[in-house]
Every structure is written in structure tokens, then in C-alpha cells.
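Please open the model in a viewer and keep the selection panel at hand.

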Amino acid sequence: MLLKLFFSFIQVGLFSVGGGYAAIPLIKSSIVDAYGWISMGEFTDLITIAEMTPGPIAVNAATFVGIKVAGVPGAFLATFGCILPSCFLVSFLAYAYRKYHQLALIQNMLSGLRPVVVALIASATLSILQMVAFAGKSISAAHLDWTGIILCLVAFLLIRIKKLNPIAVMVSCGVASLVVHGLFGVPMI
Amino acid sequence: MEAEKKKYSLVKLFFSILYISAFTFGGGFVIVTFMKKKFVDELHWIDEQEMLDYTALAQASPGAIAVNASILLGWKAGGFPGMIVAVIAAITPPMVIITAISFAYEAFASNRIVAMVLRGMQAGVGAVMLDVVASLGLNVVKEKSWVLMLIMIAAFIAAFVFNINASIIIVTVIVLVLAYELVTMARKRRNG
């Protein structure tokens with residue numbers, strides 16, 4: 001049982017190229033469909049929790065499923081399985097990068113990839129900003145979340161101009177939101 | 001380079017990644033922006049270009065971006081022990097939090113206070129990412145290369161408008177660069 005758990009999460013770690021949402025169908029097919037270790041309802045809860053908590057979805061899922069199946073040792077084993085392929089593959093890449101990144105061909109490839117990475121981060125940023133502005137709902141004037149928009153703007157200025165610590169600003173945003181919605185009773189959209 | 005090596009410390013590496021991993025949620029590109037703020041802007045362990053290279057490698061490899069980027073940073077800062085330290089730091093916070101929540105997840109997921117705090121933190125995450133992406137984008141523009149600008153705009157449209165998987169975009173660009181290099185080499189050989 002523990003071995004099966006270990007190997008199915010090695011599979012998840014090995015084949016989930018592209019992070020996050022690429023891992024979800026893989027986890028579903030082995031953990032829910034093939035082994036039935038957690039139900040579809042639990043799987044949906046898992047995705048909700050993964051979105052609300054820090055950490056990669058694959059690691060969250062491994063811990064969650066591991067605990068359900070075999071307690072804390074299960075959580076360790078599943079998580080270890082899911083990061084093991086990365087440790088080998090990416091370590092090899094780290095070595096290759098250090099050794100070969102001066103080569104003209106690799107230099108050209110990396111300089112072509114850098115704007116791609118900037119674009120990918122920009123795309124992720126815009127998705128998050130859209131979620132903040134419309135409270136995760138569809139785009140319409142009725143869904144505009146002014147608390148979120150104002151918080152985000154103030155936070156941006158504090159980070160950009162005052163150079164404040166980003167995590168401190170982020171946590172302060174959480175507290176500010178609690179004060180505005182909880183204490184002053186501004187309804188959440 | 002030797003003088004710079006002294007700044008690396010495994011303890012600092014561990015707590016930096018632990019801290020970032022504990023507070024950033026919302027996918028791989030979020031944690032990468034926080035890593036850029038910490039390791040490029042604050043600690044100066046690596047430069048911006050290297051962080052972008054790490055991001056591309058982490059995204060193109062199987063597994064979670066956060067774990068992959070931690071592995072790369074770990075090797076850079078402390079070789080094999082650095083890699084182990086970085087990975088442990090990256091997975092400890094989610095493991096502890098999920099373990100705690102898994103015993104009472106319905107209470108957690110439907111808690112109003114949790115929802116309020118998370119809503120505000122999301123606004124903060126958006127602000128941090130906007131700050132990082134503004135710096136990164138301006139630096140690409142400053143290079144004044146129309147090829148790089150074109151790649152950036154095309155990749156953005158592919159990702160945001162057409163929702164094409166990030167890995168596919170990265171592999172496509174690798175293939176395009178390779179094709180371009182081959183054509184240039186063939187042309188050189190013909191002319192020379």
C-alpha cells in the first residue's frame with residue numbers, strides 16, 4: 001500500500017510538466033479513478049484547499065492523500081515520491097546550466113527564453129489582477145471589488161516606491177481586508 | 001566570483017525559502033516573483049537574467065515550479081547540501097499546513113475570517129507580481145531588440161489570450177531558436 005502510494009506520486013512528479021494545473025488530471029486518474037484512495041468530493045475539496053494555502057498543488061495533494069491513506073508516514077512518503085523525480089532531473093539541469101550556459105548556442109536560446117518567461121509571469125499577473133478586481137467572478141461592473149482594487153493599488157505603491165518588504169505588505173493586505181470586511185462590515189462581493 | 005561566494009549561507013537559504021514558501025500561494029509564477037525579490041533584489045545572490053533562466057528551466061521540467069526553482073537556487077548557493085536544504089525548506093510549510101488542515105478542512109474552507117484574510121492577501125499578491133513584472137518588462141524593452149520584444153508580445157498573447165500551456169510556449173521558442181541557429185550555420189558554411 002505504502003509502496004503503491006509512493007510510486008503513484010513518483011508518476012505524478014515525473015509527468016506533470018508545466019506545474020500546478022498539469023498535475024490535477026494526473027492525480028485524479030491514479031488517486032481517484034484507479035485506486036479510489038479519496039473520493040471525487042474529497043478531491044474537489046483538495047483543489048479548493050490547495051488554492052487557499054501556500055505550496056505547489058502536487059505537494060499539497062501528496063500530503064493530503066498520504067494522510068488519508070496512511071497517516072503522517074503516508075504524507076511523508078507521498079510527498080517524497082512526488083519531488084524525487086524533480087530532484088534528479090533538475091539537479092542534472094543545474095549541472096548542465098553551470099557547465100554549458102556560456103556556449104553561444106545555449107546563450108542564444110536562453111536570451112530567447114527570457115522574454116518568454118517575462119510574458120508568462122505577466123500573463124499570470126494579469127489573471128491574478130483580474131481575479132482581484134472582479135473578486136474571482138465574471139467580468140462585469142457589478143462584480144467590481146473596490147476593496148480589493150484599492151488594497152492592491154496601495155500595496156503596489158508601497159512596494160514600488162517605498163520598497164517595503166513584499167511579504168509584510170501582503171500579510172498587511174490580509175489584515176486590512178479582515179478589518180474592512182469584518183470590523184467595518186463592508187460586505188464581500 | 002570568489003569574493004561573492006562568501007555571502008552564500010545555508011541557514012539564510014533555508015529560512016529565505018521557508019519564509020517565501022510559507023506565504024506565497026497561487027501557483028509557480030507567484031513564488032518565482034517572490035524569489036526574484038529576495039535572491040536578486042535583496043540578497044544579490046544571482047542576477048535577474050539567471051533568475052529568468054531558472055524560471056524557464058523550472059517551468060520546462062516536470063514537477064512543481066516552486067520545488068524546481070528551489071533546487072536550482074540550492075545548487076547555486078550551496079551545491080548538493082544546498083539543494084537538499086532548499087527542497088526541505090520549500091516543502092515543509094505546505095506539508096505542515098495541509099497536515100493541520102486535513103483534519104478540519106470543511107471548517108477551514110467555509111470560515112468567513114479565513115475568506116476575508118485570503119481575499120486581502122490575494123490583492124497583495126497581485127501588487128507584488130505587478131511590481132516584479134513591471135521591472136522585468138522594462139528591462140526587456142530597454143534592450144531595444146525588436147526580436148526580443150516580438151517574442152515577449154507573442155508569448156504573452158499565446159499565454160493570456162489563447163491559454164496555451166506555458167511548457168508548450170517554452171518548447172516552441174527553443175525549437176525556433178534551434179532552427180534559426182541551424183539556418184545561420186548552413187548559410188555561413190555555404191558562404192565560407
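Helices here are DSSP runs of H or I with at least four residues, and strands are runs of E with at least two, numbered from the N terminus. The model is predicted.

**Chain B as a whole.** Begin by selecting chain B and colouring it by secondary structure. Read from the N terminus, its elements follow the order α-α-α-α-α-α-α-α-α; the count is nine helices and zero strands. Chain B has 192 residues, and 48% of them count as buried. Among contacts in chain B between residues at least 6 apart in sequence, those joining residues at least 24 apart make up 51%.

Five residues from domain 1 of chain B and seven residues from domain 2 of chain B take part in the contact.

**The domain 1 side of the contact.** Now select α4 (48-60) and α7 (112-142) of chain B; each contributes at least two residues to the side of domain 1 that touches domain 2. Which helix supplies the largest share of this side of domain 1? That helix is α4(B), with three residues. Finally, colour the side of domain 1 of chain B that touches domain 2 by residue class: four residues are nonpolar, one is polar and none is charged.

How values were computed
Residues are numbered from 1 along each chain as its sequence is written. Chains are lettered from A and ligands numbered from 1 in the order in which they are written. This is a predicted model: local features need pLDDT of at least 70, side-chain atom pairs count only at pLDDT 80 or more; totals for chains, interfaces and linings use all residues. A residue is buried if 20 or more other C-beta atoms lie within 10 Å of its own, exposed if 12 or fewer, and partly exposed in between; C-beta atoms are placed from the backbone. Two residues are in contact if their C-beta atoms, placed from the backbone, lie within 7 Å. Ala, Val, Leu, Ile, Met, Phe, Trp, Tyr, Cys and Pro count as nonpolar, Asp, Glu, Lys and Arg as charged, and the others, Gly among them, as polar.
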